[in-house]
Amino acid sequence: MSALNEFTTFVTTSENYWGERGILIRTWDHLRLSGFALLVSSLLSLPPAVYLGHIKRGGVSAVWIVNMGRAIPSFALIVLIFPISLRYGFGLGFWPTAFALVLLGIPPIFTNAFTGVRDVDAGTVEAARGMGMQGREVLWGVEIPAALPLIITGLRVSAVQVVATATLGAYVGFGGLGAFIVEGFAIQDNGKLLTGAILVALVVFVVELVFGWVQRRLTPWVRADLLSKRDPRSFDIVDADQRTAPARL
Amino acid sequence: MTRKIRGLWAVLAVLALLAGACGDDSGDDSASDETTASGDTASDASVPPDGPTITIGTQDFGESAILSQIYGQALINAGYSVEYQELGGFRDLEVPAFESGDINFAPEYVASMLEFLNEFAGEATSDVDETLGLLEEQLSEIGLQALEPAPAVDTNTFVVTPEKADELGLSGIGDLTDDLTLGAPQDCEANAFCLPGLDTVYGVDLSSGFTPLDPGVIPDALENDEIDVAVLFSTSGIIADKGWIVLEDTDGLLAADNIVPVVTDELVDTYGADFETLVNGVSAAITTELLTAANARFDIDAEDADVIAADFLADNGLG
């Protein structure tokens with residue numbers, strides 16, 4: 001109860017919102033870093049994932065290699081990369097954290113995009129070829145649109161992980177929302193700690209909402225009534241709900 | 001269908017076995033630790049003491065591990081049975097661990113422990129006797145007591161590189177100016193011996209250039225000029241190793257953070273004067289110089305805390 005009171009006091013004190021170490025700047029820094037990391041992760045993982053899915057080759061080993069990245073704790077990565085970042089002039093805070101987050105963000109994006117493109121219904125692809133579509137047309141006109149729900153799911157899973165893990169940056173001087181948690185813990189200020197934790201949860205919630213909205217806008221053919229027909233071949237972390245065949249293209 | 005379910009059962013069974021094995025492992029480990037600890041030494045102990053196992057709480061930094069081992073091995077050598085319990089980095093895990101009975105002994109720091117217990121009231125000073133008296137009052141309320149403090153002091157110190165000291169003409173804390181950047185542990189904004197103390201004692205306000213950092217990464221940040229001034233611990237082995245300059249505390253900002261063993265009343269009541277004499281004898285040998293050297297072996301040469309502690313006891317005639 002007292003922690004909740006301390007939390008209320010912290011978030012109703014206006015000085016806590018402004019300045020270098022206020023809620024506003026730290027939330028912005030958190031979003032900035034997460035967005036950057038997600039963008040780089042996507043750029044690094046989407047092209048090879050889609051290509052390998054298209055040629056239906058080398059995927060298993062690629063997924064295996066990418067998944068190894070998940071086994072390395074992000075905290076260890078940040079601490080390992082920290083001295084290297086300093087030596088090459090990238091400084092404290094942003095870059096060492098971003099590096100770890102990019103690696104963390106890759107596996108869900110890669111695995112989902114690869115699986116999505118590879119597992120596009122063979123009949124659909126056959127029909128497209130029968131209509132005279134060439135490789136690239138099949139990829140852009142059929143396979144990618146059909147895989148879009150899964151690709152977006154990958155981005156969404158990755159975004160949630162990245163936002164939640166960006167808190168670790170507080171250990172190397174990155175002033176995101178994690179700083180409230182680490183400082184609150186260090187000075188026994190439960191209000192501060194809880195503020196950080198709740199804000200991170202809130203940001204994650206908003207990210208989920210935004211991706212859900214994007215997904216509905218980009219893939220309107222995935223309708224709610226289709227969700228009941230689950231695909232029995234659902235794959236690993238892939239959200240089975242998204243794996244419904246496109247009704248129209 | 002049935003085949004699938006059977007497969008699922010097999011997976012669950014394997015998981016259960018693994019979980020069971022893990023549980024057994026840790027149980028075996030601690031049990032065997034305990035028996036070897038007492039078994040090895042029961043023969044050569046003059047009076048095998050009878051009473052509870054001494055469980056030493058260790059915080060997650062090297063010096064705490066070394067101190068735990070120094071006290072722990074000295075006690076084992078005298079025939080006590082000793083276990084070590086790793087705690088997190090902060091005291092809000094240690095005090096509840098005392099209360100729940102998970103630990104009954106912890107190497108602590110006079111001023112910092114006092115400030116933690118009085119909720120950062122700012123009562124600690126650079127006078128060790130005065131600060132210890134206040135600490136004992138606080139401890140007695142929760143069934144704990146402090147034994148005699150060691151001469152070694154591990155307090156915050158403000159450190160700069162020699163290049164920076166030359167360039168800016170820094171020798172004392174009072175020479176710092178508000179425009180310098182500071183890298184310090186995350187509690188610095190509220191710690192009476194960090195930002196607030198700088199302001200009240202020296203009138204220096206470094207809060208605009210302050211970056212909160214994990215203690216483990218502060219030396220790297222200072223070495224690479226990411227920060228002008230670092231807050232490090234006075235017994236940190238890296239200061240001498242790198243030839244950094246410790247800014248002089250002319251006005252008595254820094255606290256009497258002498259090493260002090262904190263124990264439960266139960267331990268002292270059960271084991272009595274022999275126990276106190278033994279622990280106080282160990283404390284008396286721990287000086288800032290020796291502790292700094294021990295930390296250097298841990299941090300820079302990456303030796304294990306138990307080896308360093310054994311050498312310390314042997315070198316000081318306590319082994």
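**Figure 1. The open five-stranded sheet of chain B in the predicted model.** The strands of this open sheet follow the order S7-S6-S8-S5-S9 (chain B), and their pairing is mixed. Two strands are taken to pair if DSSP finds at least two bridges between them; strands (E, at least two residues) and helices (H or I, at least four) are DSSP runs numbered from the N terminus. Strand S7 (210-212) and strand S9 (245-246) of chain B lie at the edges with a single partner strand each, so one side of each has no neighbour in the sheet. Within the sheet, strand S6 (residues 182-184) of chain B pairs with strand S8 (residues 229-233) of chain B in the parallel sense over two bridges. Leu182(B) has Val229(B) as its bridge partner in S8(B).

This is a predicted model, in which local features require pLDDT of at least 70 and side-chain atom pairs count only at pLDDT 80 or more, whereas totals for chains, interfaces and linings use all residues. Residues are numbered from 1 along each chain as its sequence is written, chains are lettered from A and ligands numbered from 1 in the order in which they are written, and side-chain values use heavy atoms, with hydrogens and water left out.

**Figure 2. The β-α-β crossover of chain B.** Strand S1 (residues 54-58) and strand S2 (residues 82-86) of chain B are paired in the parallel sense through five bridges. From S1(B) the chain passes through helix H2 (residues 62-77) of chain B to S2(B), and this β-α-β crossover is right-handed (with the strands pointing away from the viewer, the path from the first strand over the helix to the second runs clockwise). Ile56(B) has Tyr84(B) as its bridge partner in S2(B).

**Figure 3. The largest nonpolar core.** A nonpolar core is a set of buried Ala, Val, Leu, Ile, Met, Phe, Trp, Tyr and Cys residues joined through side-chain atoms within 4.5 Å; buried means under 20% relative accessible area, exposed over 50% and partly exposed in between (1.4 Å probe, protein chains only). The largest core has 34 residues, and those touching the most other members include Ile54(B), Ile70(B) and Phe275(B). H2(B) gives the most to this core, with eight residues. Beyond its neighbours within four places in sequence, Ile70(B) contacts Val282(B), Ile286(B), Ala309(B), Phe312(B) and Leu313(B) (contact: heavy atoms within 4.5 Å).

**Figure 4. Helix H4 of chain A.** H4(A) bends by about 30° at Ile81(A), with Pro83(A) following within four residues; the bend is the angle between axes fitted to the seven residues ending there and the seven starting there. Among its buried residues are Leu77(A), Ile78(A) and Phe82(A). Just after H4(A), Gly89(A) adopts a positive phi of about 80°.
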